[in-house]
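I opened this structure for the first time today and kept short notes. Here is what I looked up, entry by entry.

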Amino acid sequence: EMPSLNCERTLRSFNALLEACVHSKNFDKVRELFKELPEKLPLKPDVVSYNIVVRALCHMGSPDSAVALMDEMERNHVKPNAVTFNTLLDAFNKMNRVEEAERLWGLMEKKNVTPNAGSYNSRLHGLVVDGRILDAVLLIEEMSKKGVKMNIFCYNAVMKGFVDAGNVNEAKVWYKKMAANEHRLRPNWATYGMLIPFACDKDDFDYAFELCADAIRKKRTVDIFVVQRVIDGLVARSKNDEAEILMEIANFKQSLVY
């Protein structure tokens, strides 16, 4: 309708159209429009255009096609950026294709694209999934040296690695590091949802009580069955005072517990 409304079809409106197709999960349409419209209209796709197509291909489960698209980008003198690489890293790591993700990380450095917190978070996730928790810790140290701001997702990824390894002590250490972070990061629902059941599994109900009470006080959503498990564990160990305290907090904050 734009021509009939006397509106010019610009690169910005082209990108908005591609983005709308991604949001509506019409991924095939993204590829179709990306191929056809620049030929019909005087439009030259920019890095935003390519990044939207890369995202669409990743959503379709075709990250290899998205990697191949980077060759086309460079032929058209469009340089991939951190968003391009982050999208690809996230896709490969979520598919447990860690080796491909690591090769992408090397390519990212070769092309002088500076990793950001999102890049590191995706790589951390991949290392943890691959069981390489010590490499994940080294990556955290690298982030610190390079002045990359840690976010809650980075800490959660490392804690998940130690949870998966059954190492409750190291999980506690990283929880404390997160709390002491200069950016004053606060645990989210995923942090508590991971650590509280883990503490129960390890028969550490004192720690489970501490986390559960803290989560509810901080208005973080906690599964009611997890709360009940902690209460039952405390009662079974004759820690009735703690169980009553937790019940009182949970009742008071009942609207925040599902």
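**Before starting**

I noted that this is a predicted model.

**Entry: Ser 49**

I began with a single residue. I found Ser 49 in helix H3, which covers residues 47–59. Is Ser 49 buried or exposed? Its relative accessible area is 0%. The cut-off for buried is under 20%, so Ser 49 counts as buried.

Next I looked for a polar partner. The side chain of Ser 49 makes a polar contact with the side chain of Asp 46, at 2.8 Å. Then I listed what Ser 49 touches, leaving out residues up to four places away in sequence. The list reads Leu 11, Phe 14, Asn 15, Leu 18 and Phe 34.

**Entry: helix H11**

I moved on to helix H11, residues 189–201. It has 13 residues. From first C-alpha to last it reaches 18 Å, close to the 18 Å expected at 1.5 Å a residue.

I checked both ends. At the start of H11, a side-chain oxygen of Asn 188 comes to within 3.1 Å of the backbone nitrogen of Ala 190. Just after H11, Asp 203 takes a positive phi of about 60°.

Which residues of H11 are buried? I wrote down Thr 191, Tyr 192, Met 194, Leu 195, Ile 196, Pro 197, Phe 198, Ala 199 and Cys 200. What do these buried residues pack against? I found four helices named as partners: H9 (152–164), H10 (168–179), H12 (205–217) and H13 (224–236).

**Entry: aromatic pairs**

How many aromatic pairs does the structure hold? The search gave four. I looked at two in detail.

I took Trp 105 and Tyr 120 to start. Their ring centres are 5.2 Å apart and their planes stand at 70°, so I logged the pair as edge-to-face. The pair links distant parts of the chain, 15 residues apart. Trp 105 sits in helix H6 (residues 98–110) and Tyr 120 in helix H7 (residues 117–129). Both Trp 105 and Tyr 120 are buried.

Then I turned to Tyr 155 and Trp 174. This pair is tilted, with 6.3 Å centre to centre and 50° between the planes. Tyr 155 lies in helix H9 and Trp 174 in helix H10, so the pair ties together parts 19 residues apart in sequence. Tyr 155 and Trp 174 are buried too.

**Entry: lysines over rings**

I stayed with Trp 174 for a moment. Lys 177 lies over the face of Trp 174, at 4.1 Å from the ring centre. I found another lysine placed over a ring: Lys 172 lies over the face of Tyr 207, at 4.7 Å from the ring centre.

**Entry: salt bridges**

I searched the whole structure and got 17 salt bridges. I followed up some of them.

In helix H2 (residues 27–40) I looked at Glu 32 and Lys 29. Their side chains meet in a salt bridge of 3.3 Å, N to O. The two are three residues apart, about one turn of the helix. Glu 32 is partly exposed, at 35% relative accessible area. Lys 29 is partly exposed as well, at 31%.

In helix H8 (residues 133–146) I looked at Lys 146 and Glu 142. Their side chains meet at 3.2 Å, N to O, in a salt bridge. They are four residues apart, about one turn of the helix. Is Lys 146 buried or exposed? At 52% relative accessibility, and with exposed set at over 50%, Lys 146 counts as exposed. Glu 142 is partly exposed, at 24%.

I then checked Lys 239 and Asp 206. Their closest N and O atoms are 3.4 Å apart, and they form a salt bridge. Lys 239 lies in the loop between H13 and helix H14 (240–252) and Asp 206 in helix H12, so the pair ties together parts 33 residues apart in sequence. Lys 239 is partly exposed at 24%. Asp 206 is partly exposed at 42%.

Asp 64, Arg 97 and Glu 100 are linked in a network of salt bridges.

Notes:
Residues are numbered from 1 along each chain as its sequence is written. This is a predicted model: local features need pLDDT of at least 70, side-chain atom pairs count only at pLDDT 80 or more; totals for chains, interfaces and linings use all residues. Side-chain values use heavy atoms; hydrogens and water are left out. Buried means under 20% relative accessible area, exposed over 50%, partly exposed in between (1.4 Å probe, protein chains only). A polar contact is a pair of N or O atoms within 3.5 Å; within protein, one must be able to donate a hydrogen and the other to accept it, and residues adjacent in sequence count only if both atoms are side-chain atoms. Contact means heavy atoms within 4.5 Å. The expected span of a helix is 1.5 Å times one less than its number of residues. Rings of Phe, Tyr and Trp (its six-membered ring) pair if their centres lie within 6.5 Å; planes under 30 degrees apart count as stacked, over 60 as edge-to-face and the rest as tilted. A charge sits over a ring if NZ of Lys or CZ of Arg is within 6 Å of the ring centre and within 35 degrees of the ring normal. A salt bridge is a side-chain nitrogen of Lys or Arg within 4 Å of a carboxyl oxygen of Asp or Glu.
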